[in-house]
Amino acid sequence: MTTNRKLLSPLSILMIVIVLAALATWLIPAGRYDRLSYTEGSSFSYIGTGGETALPLNQRTLDSIHINIPLESFSSGGIKKPVSVPGTYKKLESNRQGIIKVLQAPAKGIYDSIDIIFFILVIGGFMQVFNTSGAMESGISALSQKMKGRESWLIIILTFFFCLGGSSYGMAEEALVFYPLLIPIFLAAGYDLLVPVAVIFAGTQMGTLSSFSNPFSTIIASNAAGVNWSEGLAERIIFFVITSAILIWYIVRYANKIKKDPSASLVLRFEGKKSGNPETAVEGGVGQGTFDNRSKAMLALFFATFIAMIVGVVFYEWWLMEMTTLFFASSLLIAVILRLKETEFIGQFIKGAEGLLGVAFIVGVARGVTVILNEGNISDSIIYYASSIAGSMPPALFIIVLMLLFMIFTLFISSSSGMAVLTMPIMGAMAVLVNVPGSLIVNAYLFGMGIMGFITPTGLILPSLALANIGIKTWCKFIYPLLLVLLAVCGTILIVGIYLK
């Protein structure tokens, strides 16, 4: 029996969150911490209520304003965003956000997110141009035949790959490119639409939670908290292995369950959509094209594009501009190989971009929540009042409450690097007062953001679900038992860390 009652669409959910954020600017006092940023050259830039002031570029400056961060972290480029200065919170005149600001927030969010939006649209164009070759359909057909009886290994290998990408170098937005590739493959294996979302999104998110060398979270947060990022590295690697194993077991258990009994599918229950099967491969059917040398060559080019992206991000500091250029160049190369006419290429590319336009809007509108909070001057106020409450607690209770606070903060600040530079200098200073090791503060930040990141509407879950065309209700029903397990595991590790310090 299916349950067809659904929650609102992702864009509607985000608009409600924007309205709630605007209401918060009427209830929470406005305030702000002073900021310190690195100016390439010979000085720091100190931004306070009185304006901007140049300060000497030396360690004495950092020590004098109680920022426990080595000077090298700034000069090496490890910290690029402005850092909150502990003890400088000041109340400001309220800047309550009204109906005009609420209506402007989605547009401002889209404007601020234009780089990732364009990246998503180019991915859509790339996939559509590639699909004109027919190589994907024939490749899926061949793969589904070879993987019969061994489909679980596909889940195990790919989930570990995405966990490793998230934990080692911060794979997140770039994982969106894998949905058009893996969704038909998993449907061909007889699974439902939740399985590819779990493998890709939950994989990278679990990697974020257990980051051991992620430069966008672990390293920036450690620097901002005034500790060496390698402190606790061995423990984080062990934690990565444990949490990756938990996730793989959880996904494989669900996948095998619905493979044996398709009626157990949560997608069928809440969305009314059947799981895939090896005969039809995807909804609507996939042809059994011949997997000839031409198809193999096209798939080789396809995968080479993805490998080039990963190599560029890991070794050459590529980001959205470089990745977008790569996929656009690959689209042109595919068109040349397939001898597509100019009008046909443009038509197919635009058609593919149109297919991901809804996903692009979701990403931009989600940024509108942050726009409202920042313009209403309450982002820092939320951090200030929350940290004031936690600061008077015993160490074991403090570290658990801190993890829960980071979970709450993630609802408003989805960027891991943004969260780090805004909160960790303050939390790092508090850790000294309550006698908690800085590495545990970093872990509380990783665990809190990591757990809430599975469901926060301001993160990547809504774009991921939109790509798979399933609702947030289905996802929450699937993921909440895993989140309870993670809460228990993470809380236990933090408390044990307190008593073993």
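1. Confidence first, since this is a predicted model. The mean pLDDT for the protein comes out at 85, and 92% of the residues score at least 70. Helix α9 (residues 194–209) has the highest confidence, at 95, while helix α6 (residues 135–146) has the lowest, with a mean of 70.

2. One stretch to read with that in mind: residues 277–288, where the pLDDT is below 50. The model still gives this stretch 21 contacts beyond near neighbours in sequence.

3. On to the rings. How many aromatic pairs does the structure hold? The count is 28. Take F44 and F74 as one of them: their ring centres are 5.2 Å apart, and with 80 degrees between the planes the pair is edge-to-face. The cut-off for that label is over 60 degrees.

4. That F44–F74 pair also ties together distant parts of the chain. F44 belongs to strand β3 (residues 43–48) and F74 to helix α3 (residues 71–75), with the two 30 residues apart.

5. Are F44 and F74 buried or exposed? F44 counts as buried because its relative accessibility is 1%. F74 is buried too, because its relative accessibility is 0%. The limit for calling a residue buried is under 20%.

6. Last, a charge and a ring: K259 sits over the face of Y191, at 5.2 Å from the ring centre.

Notes: Residues numbered from 1 in each chain as written. Predicted model: local features only at pLDDT ≥ 70, side-chain atom pairs only at ≥ 80, totals over all residues. Heavy atoms only, no water. Phe/Tyr/Trp six-rings, centres within 6.5 Å; stacked < 30°, edge-to-face > 60°. Helix = DSSP H or I, 4+ residues; strand = E, 2+ residues; numbered from the N terminus. Buried < 20%, exposed > 50% of the residue type's maximum accessible area, 1.4 Å probe, protein only. Lys NZ or Arg CZ within 6 Å of the ring centre and 35° of its normal. pLDDT = per-residue confidence, 0-100. Contact = heavy atoms within 4.5 Å.
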